[in-house]
Amino acid sequence: CDPPRIEGDDAETYRTRVRAFGRCTRPFNYLGLPSVVLPCGLSDAGMPVSLQLVGRPFEEALVLRAARGFERARAFAQEHRPAVTV
């Protein structure tokens, strides 16, 4: 599934793509499970790839500690921070 674009898609195509992304988070939201999504790499096309961690009910602290541990071990965000022009 291609990511939604800011420009170039008609409104219905954009809505369809955004709804498709909900399939990754909707079950956890519905069940009340804590989850976090982290950037973890780039695809062969250079697009960002993410990792989603999900925990048991009321285990938010554990999920956040695991996410922080992954961030420290991987340091992807610091290595691939986009340049910001003002």
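The model is a predicted one.

Student: How do you know that β1 and β2 pair?

Tutor: Pairing requires at least two bridges between two strands. Strand β1 (residues 35–42) and strand β2 (residues 48–54) share seven bridges, in the antiparallel sense.

Student: What lies between the strands of the hairpin of β1 and β2?

Tutor: Five residues lie between the strands of this hairpin, in which G46 takes a positive phi near 85°.

Student: Why is the contact of R68 with E71 called a salt bridge?

Tutor: The term requires a side-chain nitrogen of Lys or Arg within 4 Å of a carboxyl oxygen of Asp or Glu. For R68 and E71, the closest N and O atoms are 3.4 Å apart. This value is within 4 Å, so the pair qualifies as a salt bridge. The structure holds one salt bridge.

Student: Where do R68 and E71 stand in helix α3?

Tutor: In helix α3 (residues 60–74), R68 and E71 are three residues apart, which means a separation of about one helical turn.

Student: What makes R68 and E71 partly exposed?

Tutor: A residue is buried under 20% relative accessible area, exposed over 50%, and partly exposed in between. R68 has 41% and E71 has 37%. Both values fall in between, and therefore both residues are called partly exposed.

Conventions:
Residues numbered from 1 in each chain as written. Predicted model: local features only at pLDDT ≥ 70, side-chain atom pairs only at ≥ 80, totals over all residues. Heavy atoms only, no water. Helix = DSSP H or I, 4+ residues; strand = E, 2+ residues; numbered from the N terminus. Buried < 20%, exposed > 50% of the residue type's maximum accessible area, 1.4 Å probe, protein only.
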